[in-house]
Amino acid sequence: MKRRQKTENRRQKTVLMTGNDAIAEAAVAAGCDFYAGYPITPQNELIAHMSKRMVEENRVFIQSESELAAINMVFGASVAGARAMTSSSSPGISLKQEGISYLVGCELPAVIVNIMRGGPGLGNIAPAQSDYFQATRGGGHGDYRTIALAPSSVEEAAKLTRLAFDLADEYRGPVLIIGDGILGQMMEPVQSSVLSPQPSIKRIKKPWALTGAKNRKPNIIRSLYLKPGSLEEFNNKLQKKYEEIKKKHTMLEKVLCDDAELVIVAYGTSSRIGKAAVQSLRGVKKKAGLIRPITLWPFPEEAIKHAAKKAKAFLVVEMSSGQMVEDVQLAVGGKCPVHFYGRPGGGVPTPEEIEKQALKLL
Amino acid sequence: MKKIFEKPKSLRGVSTHYCPGCGHGVVHRLVCEVIDELAIREKTIGIAPVGCAVLAYDYWDFDVTEAAHGRPPAVATGIKRMLPDKIVFTYQGDGDLAAIGTSEIIHTANRGENITVIFVNNGIYGMTGGQMAPTTLLKQKTKTTPFGRDKVRDGQPLKISEMISTLDAVAYIERVAVHKPGNIRAAKRAIKKAFSNQIDKKGFSMVEIVAMCPVGWGTSCEGAIRRIDEEVLKQYPLGVLKG
């Protein structure tokens, strides 16, 4: 394993690895039965890792002929009751949107990893956060949302991957893991316990899966609802599910927010840069704090609403031209100004750039 | 009194939505007869396509999943790799298999996936009202070829079974028809072989079934049967292409 340099520290038992490798290994630990994918930079370590580990574990690995095929193979594996995953980067995720919509329509669990790169089009292979709208608004056709988990460190990527499989099974739908090229390629230590197989992987029964109609009535999996009113009813059922997810699974991290006059909102890689800016602003006695959404959907709107009661301004930082900023504006609801600083097309903001913007506002 | 003819157990006792003279009803029944005869109903998983046969799950009395347009072979791959001892088959029309899903069928065949493919070729998009299919004949008038299919403007009829039969990993491909009793019996033998191959783990097997679509073709039911003999089978000759 070239990328996964095992520099095991005897006391802490950590492993140094890339985010892509960590997500892959965490998926293996979470009992992923089936992986299909297509190569695309910057997530290639992930598919390479799976090509080795899944075969070693006697599970299914397929390098598919396209992203469309990959997501539909995952669909099939999920139909059969498997824990299934695919991964890609932005242009490939666009291709998977048809399948994601069908997974929602057929209520099939799956984990989909997007290690984002710059767009639109072929864009570039630099890290970006420009697929936020796609990840949080549904992405494909139809009236739906998908849980979107956004780690900001390699270890958190591993932890959220395990969670993604559980949430997908629990709510019978696709769950996205949203990273970027930096998170995918960067090496960081990961507690080896995070990557060890769970003693008893939380497997819920899937009586709906297609396994052959032996001693039961045939199971049918479909997203077609032609009877008048039946599709409306199904959509309302989805919305009910989403309300429950919002209540139970909204996740965020707060940094020095209690007395903050300026609240920076950022996720993933830009939240790490934002944290560095907050630390240096605090060093010059400026009251800055940070809110980091861990779930992009459901969005932590309550926490932002709460912070808006005290804050004088918000500064949203993204590696895009401004997408999450709209959700922050909605949550703040005009209580105070919401500013934006971003770098699109593979640009990465520096702490100094953020600090400079913040000082203008404080 | 001895019963000599009955409805297959795998076929539900419901009335059909298919148009008069349509080939799908015959093919649905043949698939069910074969599943009954091989005693595999309890371990069969079918994949219904997008198109007229999307409602196949209303007729088949075994596990069935829907798939996005053209993607049944990829979905079948996922199911079969997870459940190698189950019998997995796709049921696809010509638009599904030979246009939007060309990539999936070719690569699934090329991987030699141990599945069965039932490919119904009626040379038209029936569900959407009769547009040109990849298998539509030259000069054939459809909703999107009002002047007849032109080889320069519209391309030529795609012989996808011949293409797939060149792949090393493929076990069996045969083209049959369901317009006459003798052909229907031959079609059943081919379908049975394609399923038996899967049971015997021989690999990818596909049966192309030339079928009637009188409504889409703008003919009577009898006219559609005549058209198969007089025109369609000249472009798509019957026989074993591989295996």
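How many C-beta neighbours does A:Arg172 have inside 10 Å, and does A:Arg172 count as buried, partly exposed or exposed? A:Arg172 has 18 such neighbours and therefore counts as partly exposed; a residue is buried if 20 or more other C-beta atoms, placed from the backbone, lie within 10 Å of its own, exposed if 12 or fewer, and partly exposed in between.

## Basis of the model

The model is predicted: local features need pLDDT of at least 70, side-chain atom pairs count only at pLDDT 80 or more, and totals for chains, interfaces and linings use all residues. Residues are numbered from 1 along each chain as its sequence is written, while chains are lettered from A and ligands numbered from 1 in the order in which they are written.

Helices (H or I, at least four residues) and strands (E, at least two) are DSSP runs, numbered from the N terminus.

## Seven-stranded sheet of chain A

Seven strands of chain A form an open sheet with mixed pairing, in the order 3-2-4-5-7-6-13; two strands pair if DSSP finds at least two bridges between them. The edges are strand 3 (60-63) and strand 13 (295-297) of chain A, each with a single partner strand, so one side of each lacks a neighbour in the sheet. From one strand to the next the twist averages 20 degrees. Within this sheet, strand 4 (residues 84-88) and strand 5 (residues 110-116) of chain A run parallel and are joined by four bridges, and A:Ser87 is placed opposite A:Val113 of strand 5.

Two helices lie across strands of this sheet. Helix 4 (residues 90-105) of chain A lies across strand 4, strand 5 and strand 7 (174-180) of chain A, at about 160 degrees to strand 5. Such angles run from 0 to 180 degrees between N-to-C directions, with axes fitted as lines to C-alpha atoms, for helices over the stretch in contact; two residues are in contact if their C-beta atoms, placed from the backbone, lie within 7 Å.

## Five-stranded sheet of chain A

An open sheet of five strands in chain A has the order 10-12-11-14-15, again with mixed pairing. Strand 10 (252-255) and strand 15 (338-342) of chain A are the edge strands, and each pairs on one side only. Neighbouring strands of this sheet are turned by 20 degrees against each other on average, direction ignored.

Strand 11 (residues 262-265) and strand 12 (residues 288-293) of chain A pair in the parallel sense over four bridges, with A:Ile264 opposite A:Leu290 of strand 12. Helix 10 (residues 268-283) of chain A lies across strand 10, strand 11, strand 12 and strand 14 (313-318) of chain A, at about 165 degrees to strand 12. Helix 12 (residues 324-332) of chain A also packs on the sheet, touching strand 11, strand 14 and strand 15 of chain A, and its direction makes about 160 degrees with that of strand 14.

## Helix 1 of chain A

Helix 1 (residues 19-29) of chain A has 11 of its 11 residues buried, so it is largely enclosed by the rest of the structure. Among these buried residues are A:Asn20, A:Asp21 and A:Glu25. After helix 1 of chain A comes A:Gly31, with a positive phi near 85 degrees.

## Backbone exceptions

The bond from A:Gly119 to A:Pro120 has omega near 0 degrees, and A:Pro120 is found in the loop between strand 5 and helix 5 (132-136) of chain A. The bond from A:Trp297 to A:Pro298 is cis as well, with omega near 0 degrees; A:Pro298 is in the loop between strand 13 and helix 11 (301-308) of chain A.

A:Arg172 is not a glycine, yet its phi is positive, about 50 degrees. A:Arg172 sits in the loop between helix 6 (154-171) and strand 7 of chain A. B:Lys201, also a residue other than glycine, has a positive phi near 55 degrees and is in the loop between helix 7 (181-199) and strand 8 (205-210) of chain B. B:Lys201 counts as exposed because it has 10 C-beta neighbours inside 10 Å.

## Chain B and the interface

Chain B contains nine helices and nine strands, and buried residues make up 54% of its 243 residues.

The contact between the chains takes 33 residues from chain A and 28 residues from chain B. On the side of chain A, strand 3, helix 3, helix 4 and strand 9 (220-221) give two or more residues, and helix 3 gives the most, with nine residues. Strand 9 of chain A pairs in the parallel sense with strand 2 (residues 63-66) of chain B over two bridges, and A:Ile221 stands opposite B:Thr65.
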